[in-house]
Amino acid sequence: MRSLTVLGPRRVEWRDLPPVSLREATDALVRPVASAVCDLDRHLVHASPLEPPYALGHEAVGEVVDVGSAVSGLKPGDRVVIPCHVNCGVCAECSRSMPGACSAVPPFASYGTPAGGSWGGLFDELVRVPWAEHSLVPLPPGLDPVTAASCSDNLVDAYRTVSPTLHADPDAAVLVVGGPPRSDC
């Protein structure tokens, strides 16, 4: 299996790694079909502030290749958004819509960085997604995967920001501000 790997500042290469496999009954194996490059990715490549080597990429839409025996809501061939955070979906933090603070994994567990463990990157040929039914989001039929690739980071962060307020006050006003992507690196 090939993985786009950060080796140090401004050093990235494709590496051959052992293939990933299902480990738990709640896992899915997903093949990224459209990955986006985020400002964080650019920073990680430019400055590499984390200890290399590590797989790159945390924004993608993928195709389900295989599912564990406890996964009933997904099947091979389904197109899904792969959220950047690795999370269980059921702990107190996940229940509060705070997947980045999931208590079932180390802090900051995410794809594409070594923070919170080694989960692979979303430029990899294949990714193991734990707790697949709680984390993978089915892509609506007809939606171009390229259009939705960056949803796994930006929309997750936006939702996580407004969700606690909307749970407390469902009629609260929300201001949505957006613009073109920009990198400071």
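Author: Welcome! One definition to start: a residue is called exposed when its relative accessible area is over 50%, and buried when that area is under 20%. The model above is predicted.

Reader: Thanks! With that cut-off in hand, is F108 buried or exposed?
Author: F108 sits in the loop between α2 (92-95) and β7. Its phi is positive, about 65 degrees, although F108 is not a glycine. The relative accessible area of F108 is 63%, and the cut-off is over 50%, so F108 counts as exposed.

Reader: Which loop holds R10, the other residue I'd like to check?
Author: R10 also has a positive phi, near 60 degrees, without being a glycine. Most residues other than glycine have a negative phi. At 61% relative accessibility, R10 is exposed. Its place is the loop between β1 and β2.

Reader: Which two residues does a cis peptide bond join?
Author: Most peptide bonds are trans. Here is a cis one, with omega about 0 degrees. One of its residues, P53, belongs to the loop between α1 (39-47) and β4. The bond joins P52 and P53.

Reader: On to the sheets: in the open sheet of five strands, which strands stand at the edges?
Author: The strand order is β7-β3-β5-β6-β8, with antiparallel pairing. A strand at an edge has a single partner, so one of its sides is left without a neighbour in the sheet. That applies to β7 (127-129) and β8 (137-138).

Reader: Inside that sheet, which residue stands opposite R79 of β6?
Author: β6 covers residues 79-82 and pairs with β5, residues 60-67. The two run antiparallel and are joined over four bridges. Across from R79 stands E63.

Reader: Which element gives the most residues to the largest nonpolar core?
Author: This core has 23 residues, and V30, L74, I82, Y111, V129 and L136 touch the most other members. The elements giving two or more residues are β3 (28-35), β5, β6 and β7. With three residues, the top contributor is β5.

Reader: Which residues is L136 in contact with, leaving aside its neighbours within four places in sequence?
Author: L136 is one of the core members that touch the most others. Its partners beyond those neighbours are A28, V30, L74, V80, V81, I82, P83 and V129.

Reader: Which residues does the second, separate core include?
Author: This core holds six residues. Among them are L4, L44, L56 and F123.

Reader: What is the volume of the largest pocket?
Author: Its lining is made of 23 residues, with L17, S118, W119, G120 and D124 nearest the centre. Elements giving two or more residues to this lining are β1, β4 and β7. The volume is about 430 Å³.

Reader: Finally, which element has the lowest mean pLDDT?
Author: For the protein chain the mean pLDDT is 87, and 90% of residues reach 70 or more. Where pLDDT is low, the predicted coordinates should not be read in detail. Among the elements, β7 has the highest mean, 97. The lowest, 69, belongs to helix α5 (residues 154-168).

Definitions and conventions. Residues are numbered from 1 along each chain as its sequence is written. This is a predicted model: local features need pLDDT of at least 70, side-chain atom pairs count only at pLDDT 80 or more; totals for chains, interfaces and linings use all residues. Side-chain values use heavy atoms; hydrogens and water are left out. Two strands pair if DSSP finds at least two bridges between them. Buried means under 20% relative accessible area, exposed over 50%, partly exposed in between (1.4 Å probe, protein chains only). pLDDT is the predictor's confidence in each residue, from 0 to 100. A nonpolar core is a set of buried Ala, Val, Leu, Ile, Met, Phe, Trp, Tyr and Cys residues joined through side-chain atoms within 4.5 Å. Contact means heavy atoms within 4.5 Å. On a 1 Å grid over the protein atoms alone, a cavity is a set of points where a 1.4 Å probe fits but cannot get out, and a pocket is an open set with protein on both sides within 12 Å along at least five of seven lines; lining residues have an atom within 4 Å of a point. Grid points are joined across faces, edges and corners, and a volume is the space filled by probe spheres set on the points.
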